[in-house]
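Thank you all for coming.

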Amino acid sequence: MIIYLPRVLSSIYLQLNHRHRRAQTIIERYLCRMIEQELSESPESISQRKRTCLIASLVASLQKDEKAEAMKSEEEKRGLSRSELLHEMLLFLVAGYETTSTALAWFIYLMSKHPQVQQKIKAELIGDSQNQVWSVERLDSLVYLDCVVNEVLRFCPPINGTLRTLTTDDRLPQSGVQLFKGDSVLIPFHTLARDTRQWSIDPELFCPERFLHVDKDHHPYALIPFGSGHRQCVGQDLARFELKVIAARLMQYVTFGDGGSKVNAGGHFSRITIMPKHIGVTIEFDQ
């Protein structure tokens with residue numbers, strides 16, 4: 001996989017790959033058009049929109065004079081460069097599509113393996129059936145579905161992990177391994193989420209109820225499917241919202257069944273996200 005190649009080889013491969021260059025050009029053209037559209041707005045309009053629009057907020061922080069900013073030290077720089085802005089907006093596209101679609105695939109697979117969880121979701125939706133308007137308040141009231149979403153992201157995190165670069169020398173407390181400034185450290189989400197020291201209920205079990213009871217107040221870094229800190233995924237709220245809305249709609253109308261051990265064997269493979277390898281489910285329409 002290209003993501004496991006050394007950085008130099010990955011860069012050469014992508015530069016020589018025609019399909020990648022063409023896709024990159026199309027995406028950058030689309031994003032630049034969005035930036036220019038925001039910049040064409042009046043300062044007053046941008047100031048108002050950045051309170052509710054993340055893209056407007058980023059465009060508002062765009063550096064006015066990139067040449068002057070380039071002469072400053074990292075501590076003195078203010079705002080984003082055009083390149084940094086493009087990368088942040090590209091992250092929105094990935095967070096709003098790739099992670100959500102992968103998590104949804106895992107949701108369908110896990111529902112087919114745990115029919116009792118499906119029935120509890122449906123019971124919660126039926127109990128709220130008097131309110132037919134899908135508002136944010138109604139979604140917030142679906143507590144058990146929140147637990148299911150959290151358990152899907154814990155049991156099958158869409159992303160392998162995150163990298164952090166050390167800014168100072170350090171040493172791991174238990175193993176005593178010496179780390180040095182400039183080293184890159186991989187923080188694996190799956191390993192954290194399966195650490196038996198952090199969960200009262202066996203972390204190898206798919207159990208949404210853990211978030212209702214003993215594991216409700218788990219360690220904040222035991223479950224970080226979108227990273228954490230000031231470099232956590234900026235699109236995680238959008239991804240979670242999309243996943244919950246789609247899951248609720250699916251559970252309103254269909255029931256997923258296990259297609260059998262051969263076609264619904266699970267497993268995974270890694271691309272941008274950790275995707276399920278073998279999913280074969282039956283679909284029964286409830287209405």
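Grid points are joined across faces, edges and corners, and a volume is the space filled by probe spheres set on the points. This is a predicted model, in which local features need pLDDT of at least 70 and side-chain atom pairs count only at pLDDT 80 or more, while totals for chains, interfaces and linings use all residues. Residues are numbered from 1 along each chain as its sequence is written, and side-chain values use heavy atoms, with hydrogens and water left out.

By this rule there is one cavity of 30 Å³ or more, and the largest cavity holds about 40 Å³ of space. Its lining consists of Thr99, Thr100, Ala103, Leu153, Phe226, Ala239, Arg240 and Leu243. Helices and strands here are DSSP runs, numbered from the N terminus, with helices being H or I of at least four residues and strands E of at least two; on that basis α6 (82-113) and α11 each supply at least two residues of this lining. If Ala, Val, Leu, Ile, Met, Phe, Trp, Tyr, Cys and Pro count as nonpolar, Asp, Glu, Lys and Arg as charged, and the others, Gly among them, as polar, then the lining of the largest cavity has five nonpolar, two polar and one charged residues.

The second largest pocket, for its part, has a volume of about 1,000 Å³. The elements giving two or more residues to its lining are β1 (161-165), β2 (170-171), β4 (184-188) and α10. Of the 33 residues that line this pocket, Leu172, Val185, Leu186, Ile187 and Leu192 lie nearest its centre, and the lining divides into 14 nonpolar, 13 polar and six charged residues.

How many of the 13 residues of α9 are buried? The count is 11, so α9 is largely enclosed by the rest of the structure, and Leu153, which also lines the largest cavity, is one of these buried residues.

In α7, the buried residues are Val117, Gln118, Ile121, Lys122, Glu124 and Leu125. Seen down the axis of α7, they fall within an arc of 160 degrees, so they line one face of the helix, the arc being that of the directions from the helix axis to the C-beta atoms. The face turned away from that buried side carries the exposed residues Ile126 and Gly127.

Finally, some single residues. UniProt, in an unreviewed entry, lists Cys233 for "binding site", and Cys233 sits in the loop between α10 (189-193) and α11 (236-253), where it is buried at a relative accessible area of 16%. Leu86, in helix α6, is also buried, at 17%, and its C-alpha atom is separated by 9.6 Å from that of Ile27, 59 residues apart along the chain. Thr282, in strand β8 (residues 281-285), counts as partly exposed at 42% relative accessibility.

Technical notes: UniProt positions are given in the numbering used here, feature names are shortened, and annotations may be inferred rather than shown by experiment. Buried means under 20% relative accessible area, exposed over 50%, partly exposed in between (1.4 Å probe, protein chains only). On a 1 Å grid over the protein atoms alone, a cavity is a set of points where a 1.4 Å probe fits but cannot get out, and a pocket is an open set with protein on both sides within 12 Å along at least five of seven lines; lining residues have an atom within 4 Å of a point.
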